[in-house]
Amino acid sequence: CCEEKSCHLSAALLGEDSEISQEQLYELLKYAALGKCHSTAQPSWCRISHQSHLAGVVVVILHEMSQLHFYRFYLQFKHLRKVFRHRFTLAPSANLPVSLYGEGTNLKPQNVPKGLTSSSSECITKSSDLQCDPIIQRYGEKKQGLTSYTLTLEEQKKNDYPIEGSPGCKGYISTECDQQRTDSSPLFGLDCEMCQTAKGNEVTRVSLVDARGQCLLNELVKPESTVLNYRTRSLAQTLLISLSFRAAALSNSALVMIFLLQMIHPSVIDTSLLFARSEGRRFKLKFLAKAVLGKEIQCEQKLGHDPTEDARAALELAQFFIEQGPTKVAELNLEMLLTAEKLAEVSQNKAVLQGCGFQEQLNEPPPLSKPCFLDWLQVTGQKLLLLGRQGLDSSGLCQSNLNTSNKQILQRALEDVPLSKFSIIQFSLGPEYLASHLHAGLHEKVRSKLTDMLTIYAGPFEENFCMKSVKKEFGRCGPIQSLTVVTETFQPYVCIQYEVLEAAQLAVESLNGAEVAGSCIKVQRPVTAAMLDCNVLIKELELDVENEGVIYVAGLKKSLTETDLQEEFSQLKDLETLFLPKDLQSGKHRNCCFLKFQKTQSAVDAIETINGWTMKGSELRSRNALAPGHLWRWIWQMNHSNGKQGKHIFYEKMEQLSDSEQDLWKKVKKLDHHIKKLYRSLQNNTLCVVLFPGVSSFHSRQEFLRCLVSKTT
């Protein structure tokens with residue numbers, strides 16, 4: 001976890017939950033960028049803590065690359081695999097830019113020197129523009145305390161507030177709040193519910209909330225014109241006087257409320273005046289609640305008016321204004337948001353009319369599409385940055401500028417990312433790597449290497465050895481996909497292909513030199529050119545940050561349920577999560593599981609405890625995890641993508657890498673170095689997401705997401 005007041009992402013990282021959709025990615029980026037503003041909610045699949053402390057969001061897109069490239073060049077992605085600890089397989093998308101930016105984005109990059117694509121120049125709200133804002137003209141730019149925003153006596157007179165001793169206020173009750181108010185005095189929210197009577201508007205209900213939003217008063221009032229009973233109104237007045245004696249201010253569109261209650265209170269923050277507009281106009285409370293707080297109030301689905309809800313909204317608006325200050329409020333550009341909302345309503349109403357058969361031919365612009373979160377960032381004056389070879393045209397499709405190098409993009413990013421709230425940095429391998437035959441060859445090499453890593457050879461055995469004994473012994477290491485006898489050798493050997501990497505490695509570590517089926521055997525993997533760095537790769541997978549605190553346990557009886565295992569393993573210290581893999585075709589549980597611990601040392605201790613542990617008559621074996629949940633699923637898909645099996649030969653002629661693949665290795669290593677430099681330049685508490693968008697020309701799109709939450713000190 002990150003330290004207090006820093007940002008932190010929590011998400012499901014084991015098993016099948018590590019695949020997410022494009023919509024879920026959009027949820028994450030939208031909430032990270034906007035927080036609770038504009039009706040933005042926490043993502044449904046993960047949670048960001050302390051979002052308000054995010055310094056910025058950086059999305060890095062590695063074009064022409066997929067999850068296939070990440071695991072083919074796993075050792076070359078030295079920085080990426082060591083720093084970015086949250087990884088997810090991303091569901092395919094026909095148009096990644098539209099999925100990422102959201103439907104209806106108005107982000108239109110412009111060409112800038114050196115061939116770079118950037119939209120940052122369009123998205124800055126200039127300080128000179130803020131000087132003309134009514135809020136800045138009224139309150140200045142600096143933050144002030146609560147008392148600076150209460151209405152002065154002159155303002156109360158100008159806006160016809162009831163003042164003690166003034167004409168027309170005879171019989172009004174004064175709160176007699178004569179204590180000195182300070183910036184630390186409490187603040188209350190007030191709202192009333194009214195009805196129309198013969199006398200006009202009369203109060204039927206009054207609500208008051210304290211600074212924490214807790215309801216202090218919610219009283220019904222009988223109108224005078226229908227029931228000649230003044231006690232209910234007097235009760236409301238008495239309670240308000242008692243509760244607000246020490247209050248610095250009552251917040252809401254308080255003029256009508258105070259007149260209707262026939263009360264006089266000297267300290268009032270009127271939210272309709274606080275968020276100032278030109279020419280004496282006022283924003284409605286419903287609009288302010290949505291635009292500023294991201295809250296929907298006075299919804300049509302609700303029955304009647306809820307004054308407590310309005311009182312709480314008015315209070316939070318006043319608190320927001322005081323805490324953020326006039327400049328931040330002015331940067332929200334509420335006038336533009338209101339205009340956009342009205343245009344959207346007009347467009348929606350027109351669509352409804354056309355759907356009902358009204359086909360008026362009007363000379364109007366085409367209906368507005370739903371604004372995306374980048375539009376909202378632009379409207380609120382937050383700086384956006386889009387850099388890369390590939391920009392977006394008006395349809396959201398990519399446009400390439402091949403004159404730009406990754407090095408140029410990096411240099412520009414190092415300069416501009418710290419100044420931007422939301423940045424999209426696009427690196428590219430280049431069009432020469434889009435050829436389908438290159439990806440087909442790459443796919444086959446990765447599939448072949450994974451097959452070899454999942455395969456072990458055991459032997460030699462006696463002529464008439466018991467295959468059942470061999471299968472039972474090696475099955476204790478994990479689920480077996482296939483088991484065949486090798487007959488080309490002088491003495492029989494057995495080729496065993498496992499379903500998970502941990503099982504194959506456990507067999508090599510625990511059964512090499514052991515006596516199985518009456519023979520002392522040797523256990524080893526195939527010897528191929530691709531497998532020469534297998535031990536290095538296994539070690540790096542074991543040290544991968546995503547495998548910290550995760551162990552593999554084999555030898556489970558298939559009859560054991562997840563509940564049984566939870567109970568059996570409950571004695572292990574700091575156990576956080578248990579993942580029981582299933583066969584993706586049959587849905588049945590395998591004879592292995594993964595355990596995630598809160599502390600790395602607890603995982604180490606658990607391995608020592610579990611090895612040799614007997615559970616329901618079955619001896620367990622354990623080791624550190626090698627393959628995260630998304631990789632486990634991906635390996636299964638790779639092995640079942642076609643009918644071919646690995647070559648399964650003991651020795652293979654050494655193959656030389658082609659020139660194109662050697663060049664690709666170098667490019668990948670450079671990309672990893674670029675990401676390292678960019679990452680190190682980021683401010684603390686920055687959300688960084690790296691996307692492998694996939695290649696649509698080869699099979700189905702394979703996409704991969706890696707993200708790091710909050711670069712912290």
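Residues are numbered from 1 along each chain as its sequence is written. Because the model is predicted, local features need pLDDT of at least 70 and side-chain atom pairs count only at pLDDT 80 or more, while totals for chains, interfaces and linings use all residues, and side-chain values use heavy atoms, with hydrogens and water left out.

Begin by selecting strand E4, residues 56–63, where 8 of 8 residues are buried; buried here means under 20% relative accessible area, exposed means over 50%, and partly exposed lies in between, with a 1.4 Å probe and protein chains only. Strands (E, at least two residues) and helices (H or I, at least four) are DSSP runs, numbered from the N terminus. In a regular strand the side chains alternate between the two faces of the sheet. In E4, Gly56, Val58, Val60 and Leu62 point one way, whereas Val57, Val59, Ile61 and His63 point the other way, and all are buried.

Now select the four strands of an open antiparallel sheet, which follow the order E20-E21-E19-E24. Strand E20 (480–486) and strand E24 (522–524) stand at the edges with a single partner strand each, so one side of each has no neighbour in the sheet. Direction ignored, neighbouring strands here are turned by 20° against each other on average; axes are lines fitted to C-alpha atoms, for helices over the stretch in contact, and angles run from 0 to 180 degrees between N-to-C directions.

Strand E19, residues 455–459, pairs with E24 in the antiparallel sense over 3 bridges, and Gly459 stands opposite Lys522 of E24. Bring in helix H17, residues 467–475, which lies across E19, E20, E21 and E24 and runs at about 140° to E20.

**The sheet E26-E27-E25-E30**

Move on to another open sheet of 4 strands, in the order E26-E27-E25-E30, with antiparallel pairing. Its edges are strand E26 (575–579) and strand E30 (621–624), each with a single partner strand, so one side of each is left without a neighbour in the sheet. The neighbouring strands of this sheet are turned by 25° against each other on average, direction ignored.

Select strand E25 (residues 550–554) together with strand E27 (residues 592–597), an antiparallel pair joined by 5 bridges, in which Ile551 has Leu595 of E27 as its bridge partner. Helix H18, residues 501–511, lies across E25, E27 and E30, running at about 110° to E30. Helix H21 packs on the sheet as well, touching E25, E27 and E30, and its direction makes about 15° with that of E25.

Stay on H21, residues 600–610, and pick out Ser602, which counts as buried at 8% relative accessibility. Leaving out residues up to four places away in sequence, Ser602 touches Lys573, Asp574 and Phe597, where contact means heavy atoms within 4.5 Å.

**Aromatic rings**

For the last stop, show the aromatic side chains: the whole structure holds 18 aromatic pairs. Rings of Phe, Tyr and Trp (its six-membered ring) pair if their centres lie within 6.5 Å, and planes under 30 degrees apart count as stacked, over 60 as edge-to-face and the rest as tilted.

Select Phe84 and Tyr679, a tilted pair at 6.3 Å centre to centre with 55° between the planes. Phe84 lies in the loop between helix H3 (78–83) and strand E5 (86–90) and Tyr679 in helix H23 (residues 659–681), so the pair ties together parts that are 595 residues apart in sequence. Phe84 is buried at 0% relative accessibility, and Tyr679 is buried at 17%.

Then go to Tyr149 and Phe321, whose ring centres are 5.1 Å apart with planes at 75°, so this pair is edge-to-face. Tyr149 sits in the loop between helix H6 (134–139) and helix H7 (153–158) and Phe321 in helix H12 (residues 307–331), 172 residues apart, and both are buried. Finish with Phe70, Tyr71, Tyr74, Phe77 and Phe692, which ring pairs link into a cluster.

Notes:
Two strands pair if DSSP finds at least two bridges between them.
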